[in-house]
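I opened this notebook to record what I looked up in the structure. The entries follow the order in which I consulted the coordinates.

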Amino acid sequence: MSLETIRLSQTAKDQLSWLKRNTGIANWNVLCRWALALSLRDSSTPLVKDIVTDSNVEMDWATFAGTTYGDIYLALLKQRCIADGQEPTDEAIYRTLIIHIHRGVGYLHGRGDLKSISDFVSLAVA
């Protein structure tokens, strides 16, 4: 597994579709970035360790991270691997990315108060 292609589960796709409809945020990658950041700020270990990436939603690393912040996301993932007691190998970084995107998507979907980008910003500064 590598960061070149990021695939999501059908559950995450369904949750992201709901978020897209209800917030007006049209792009998977933008929502996934918010999800990753939200999950990484939670210091607890995600309960789910294995995720079946069975949906047709996939994006490459450049699409996910954008042209400006790829190194920052990669550094955050490496740091989280180390904090969780894992060597930051490519496989561990990819697994950490997938687990945290999925946990973050679940967090975002579980909130009924996210209706716009301003609600996301309010969540980030809370």
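Entry 1. I began with Leu-76, which is partly exposed at a relative accessible area of 40%. I took buried as under 20% relative accessible area, exposed as over 50% and partly exposed as in between, with a 1.4 Å probe and protein chains only. The model is predicted: local features need pLDDT of at least 70, side-chain atom pairs count only at pLDDT 80 or more, and totals for chains, interfaces and linings use all residues. Residues are numbered from 1 along each chain as its sequence is written, and side-chain values use heavy atoms, with hydrogens and water left out.

Entry 2. I placed Leu-76 in helix α4, residues 70-83. Helices here are DSSP runs (H or I, at least four residues), numbered from the N terminus. I noted that α4 has 14 residues and spans 20 Å from its first C-alpha to its last, close to the 20 Å expected at 1.5 Å a residue; the expected span is 1.5 Å times one less than the number of residues.

Entry 3. Which residues of α4 are buried? I found Gly-70, Tyr-73, Leu-77, Arg-80 and Cys-81. They lie on the same side of α4, because they cover an arc of only 105° around the axis, the arc being that of the directions from the helix axis to the C-beta atoms. An α-helix has 3.6 residues a turn, so residues three or four places apart point the same way. The cover over the buried residues of α4 includes α2 (28-40), α3 (61-65) and α5 (90-110).

Entry 4. I then turned to the face of α4 directed away from its buried side, where Asp-71, Ile-82 and Ala-83 are exposed. Just after α4, I recorded a positive phi of about 80° at Gly-85.

Entry 5. I looked up Gln-15 in helix α1, residues 10-23. Gln-15 counts as buried, with 17% relative accessibility. Setting aside neighbours within four places in sequence, I listed Val-105, Gly-106 and His-109 as its contacts (heavy atoms within 4.5 Å).

Entry 6. Lys-115 sits in the loop between α5 and α6 (117-125) and is partly exposed, at 45% relative accessibility. With neighbours within four places in sequence again left aside, Lys-115 contacts Asn-22 and Thr-23. I also noted that Lys-115 and Leu-19, 96 residues apart in sequence, are 8.3 Å apart in space, C-alpha to C-alpha.

Conventions. Helices (H or I, at least four residues) and strands (E, at least two) are DSSP runs, numbered from the N terminus.
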